[in-house]
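Please go through the model shown below with me, one question at a time.

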Amino acid sequence: MRRGRGAGADGPHRRARSRLEPRGATFAAAIVTSCTVSALRGQLGPACNAVALAGCIPMVPGAFFGEALLGFFALTAPHPGNAVEIFVSAAEHIIRVIFTLAAIGAGLAIPAQLLRNQDF
């Protein structure tokens, strides 16, 4: 019996995700950065905190934050057009930024706590 490629061939629930979500990837990258800095703690000395933080700066979603700010500024106009749509879009972008920053913070803090790195 030959099986096709449609949704019914493997069942509706068989959808493998091969990529991490952006916040998951940011979290994983922050953990790798923190573990690498913790492993190089002896060579880096007191600069290990600065190196870990500098390694995470490119992960901050500036475009999403900019979109959120522009949306909130658009709401301050005397008569905004689609106020609800603008607010929802801006809120989605700011929530994305908050969760990404939380993932970076957790990714930096968790390895430091697990590895008992008191200098970090």
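Q: Among the elements of the protein chain, which helix has the lowest mean pLDDT and which the highest?
A: This is a predicted model, in which local features need pLDDT of at least 70 and side-chain atom pairs count only at pLDDT 80 or more, while totals for chains, interfaces and linings use all residues. Residues are numbered from 1 along each chain as its sequence is written, and side-chain values use heavy atoms, with hydrogens and water left out. pLDDT is the predictor's confidence in each residue, from 0 to 100, and its mean over the protein chain is 77, with 78% of the residues reaching 70 or more. Among the elements, the lowest mean, 49, belongs to helix H1 (residues 7-10), and the highest, 91, to H5.

Q: Over which residues does pLDDT stay under 50, and how many contacts beyond four places in sequence does the model have for them?
A: A contact means heavy atoms within 4.5 Å. The stretch where pLDDT stays under 50 is residues 7-16, and the number of contacts beyond four places in sequence that the model has for it is three.

Q: How many helices and how many strands does the secondary structure of the protein chain come to?
A: Helices (H or I, at least four residues) and strands (E, at least two) are DSSP runs, numbered from the N terminus. From that end on, the elements run α-α-α-α-α-α. The count is therefore six helices and zero strands.

Q: Which residues of helix H4 are buried, and where do they lie on the helix?
A: Buried means under 20% relative accessible area, exposed over 50%, and partly exposed in between (1.4 Å probe, protein chains only). On the other side of H4 (residues 48-56), Ala 50 and Leu 53 are exposed. The buried residues are Cys 48, Ala 52 and Cys 56; seen down the axis of H4, they fall within an arc of 70° (taken from the directions from the helix axis to the C-beta atoms), so they line one face of the helix.

Q: Which residues does Thr 33 touch, not counting those up to four places away in sequence?
A: Thr 33 is placed in helix H2 (residues 22-39) and, at 17% relative accessibility, counts as buried. Leaving out residues up to four places away in sequence, the residues that Thr 33 touches are Ala 52, Gly 55, Cys 56 and Met 59.

Q: With which residues is Phe 87 in contact, leaving aside its neighbours within four places in sequence?
A: Phe 87 is found in helix H6 and is partly exposed, with a relative accessible area of 45%. The C-alpha atoms of Phe 87 and Leu 75 are separated by 7.2 Å, although the two residues are twelve apart along the chain. With neighbours within four places set aside, the contacts of Phe 87 are Phe 72 and Leu 75.

Q: How many Å apart in space are Leu 101 and Phe 27, C-alpha to C-alpha?
A: Leu 101 has its place in helix H6 (residues 83-114) and counts as partly exposed at 42% relative accessibility. Along the sequence Leu 101 and Phe 27 are 74 residues apart, whereas the C-alpha to C-alpha separation in space is 9.1 Å.

Q: What share of contacts between residues at least 6 apart in sequence joins residues at least 24 apart?
A: The protein chain has 120 residues, of which 22% count as buried. Among its contacts between residues at least 6 apart in sequence, the share that joins residues at least 24 apart is 69%.
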